[in-house]
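Me: Can we go through this one together? I'd like to start with helix packing and then move on to the aromatic side chains.

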Amino acid sequence: MQNPSLFLAHYHLPGLFEFYELYKVFLPLYREHREYFYDWCDIASIYGAPTDCLWGGGRAAFGDADIDDVIALMKDYEISSRLTFSNSLLLEKHLLDKKCNRLCKKFEHSGEVTNGVIVHSDLLADYLQEKYPDLYLVSSTTKVLTDFDDFLFELNKPKFSYVVPDFRLNKSFDCLAGLTQVQKDKVEFLCNECCNFACEERALCYENVSRKNLGLEETEHSCKAPGGRDGYKFSLAMKNPGFIGIEDIKNTYLPMGFSNFKIEGRGLGSAIVLEFLLCYLTKPEFQLQVREEIYLDCMVDLF
């Protein structure tokens with residue numbers, strides 16, 4: 001066991017473009033009132049993508065924030081930006097997409113903090129390595145790596161700085177404990193997934209989004225897993241066997257040497273994402289103050 005005081009929990013938050021207005025209000029609070037927030041964690045990155053990105057995947061993006069405004073905000077707060085380009089069905093011809101290449105070019109050298117790209121396609125990963133070598137790569141959870149040996153194989157690929165396993169590996173402690181510290185530093189756990197633990201259609205759900213982004217699919221994937229049609233509820237996510245809460249992070253994962261934790265929510269609303277920020281970063285005695293500051297700001301469209 002490692003000494004937990006030696007580690008910070010690095011959070012990777014949703015909504016780089018989708019929740020720009022929320023972060024524009026939240027981040028000043030986070031910087032000016034650090035006493036409101038836990039001292040054992042920080043915001044390492046914010047991930048997302050604008051609307052209608054051909055390379056997009058995972059969740060349907062609806063971000064319409066101005067690119068330069070997003071870059072300026074992340075630069076000001078020295079937070080890494082991650083473009084979510086996890087489409088699983090890309091072909092060689094798709095690599096020439098002007099919008100996605102322009103985004104990579106702008107984010108590659110936008111400040112002192114290194115930015116990254118979340119990818120599923122090996123074709124895209126190899127292209128980005130060659131074309132934009134200063135962007136780090138994150139292996140997407142959309143690969144649905146539920147077998148630990150498959151996850152370990154992915155973890156050992158030098159091209160990836162981080163690998164997000166399927167949430168069903170979150171509690172595989174016997175296997176996780178055997179990783180080296182170098183490997184542990186690359187693991188990024190998805191904390192708050194609400195998907196049914198026994199769902200067998202997770203990959204199909206992600207593939208449906210990839211098809212829609214490529215103009216190949218018009219229909220929504222209809223999940224057949226129990227509760228699959230009910231939408232996201234944080235209260236249900238907390239009951240998921242793969243859920244990772246702050247006590248788990250402090251008492252289990254940090255002492256084991258893990259430090260990267262992804263919060264999902266890019267396809268949800270600002271109000272629920274605020275609840276994630278309160279739960280994972282904010283001390284209970286200051287949650288009301290933070291909530292009031294956000295709610296009273298007329299720039300944030302909470303829904």
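**Helix packing and aromatic pairs**

Me: At what angle do H1 and H11 pack, and how far apart are their axes?
Reply: In this predicted model, helix H1 (residues 20–32) packs against helix H11 (residues 270–281) at an angle of about 20°, and their axes are 11 Å apart.

Me: And what does that make them, roughly parallel or roughly antiparallel?
Reply: Angles under 35 degrees count as roughly parallel, and H1 and H11 are therefore roughly parallel to each other.

Me: Is the crossing left-handed or right-handed?
Reply: The crossing in which H1 passes H11 is right-handed.

Me: Which residues meet there?
Reply: From H1 there are Leu22, Tyr23, Phe26 and Tyr30, and these meet Ser270, Val273, Leu274, Leu277 and Leu281 in H11. By type, the residues of this contact divide into 8 nonpolar and 1 polar, with no charged ones.

Me: Switching to the rings, how many aromatic pairs are in the whole structure?
Reply: A search of the whole structure gives 19 aromatic pairs. For Phe17 and Phe107, the ring centres are 6.1 Å apart and the planes lie at 70°, so this pair is edge-to-face.

Me: Where do Phe17 and Phe107 sit in the chain?
Reply: Phe17 is in the loop between strand E1 (9–14) and H1, whereas Phe107 is in helix H3 (residues 98–108), so the pair links distant parts of the chain, 90 residues apart.

Me: Buried or exposed, those two?
Reply: Both Phe17 and Phe107 are buried.

Me: Which residues form the aromatic cluster?
Reply: One aromatic cluster is formed by Phe26, Tyr30, Tyr36, Phe37 and Phe286; Phe26 and Tyr30 are also among the H1 residues that meet H11.

Conventions. Residues are numbered from 1 along each chain as its sequence is written. This is a predicted model: local features need pLDDT of at least 70, side-chain atom pairs count only at pLDDT 80 or more; totals for chains, interfaces and linings use all residues. Side-chain values use heavy atoms; hydrogens and water are left out. Axes are lines fitted to C-alpha atoms, for helices over the stretch in contact, and angles run from 0 to 180 degrees between N-to-C directions. Helices (H or I, at least four residues) and strands (E, at least two) are DSSP runs, numbered from the N terminus. Angles under 35 degrees count as roughly parallel, over 145 as roughly antiparallel, 65 to 115 as roughly perpendicular and the rest as oblique. A crossing is left-handed if the near helix is turned anticlockwise from the far one by less than a right angle, and right-handed if clockwise. Contact means heavy atoms within 4.5 Å. Ala, Val, Leu, Ile, Met, Phe, Trp, Tyr, Cys and Pro count as nonpolar, Asp, Glu, Lys and Arg as charged, and the others, Gly among them, as polar. Rings of Phe, Tyr and Trp (its six-membered ring) pair if their centres lie within 6.5 Å; planes under 30 degrees apart count as stacked, over 60 as edge-to-face and the rest as tilted. Buried means under 20% relative accessible area, exposed over 50%, partly exposed in between (1.4 Å probe, protein chains only).
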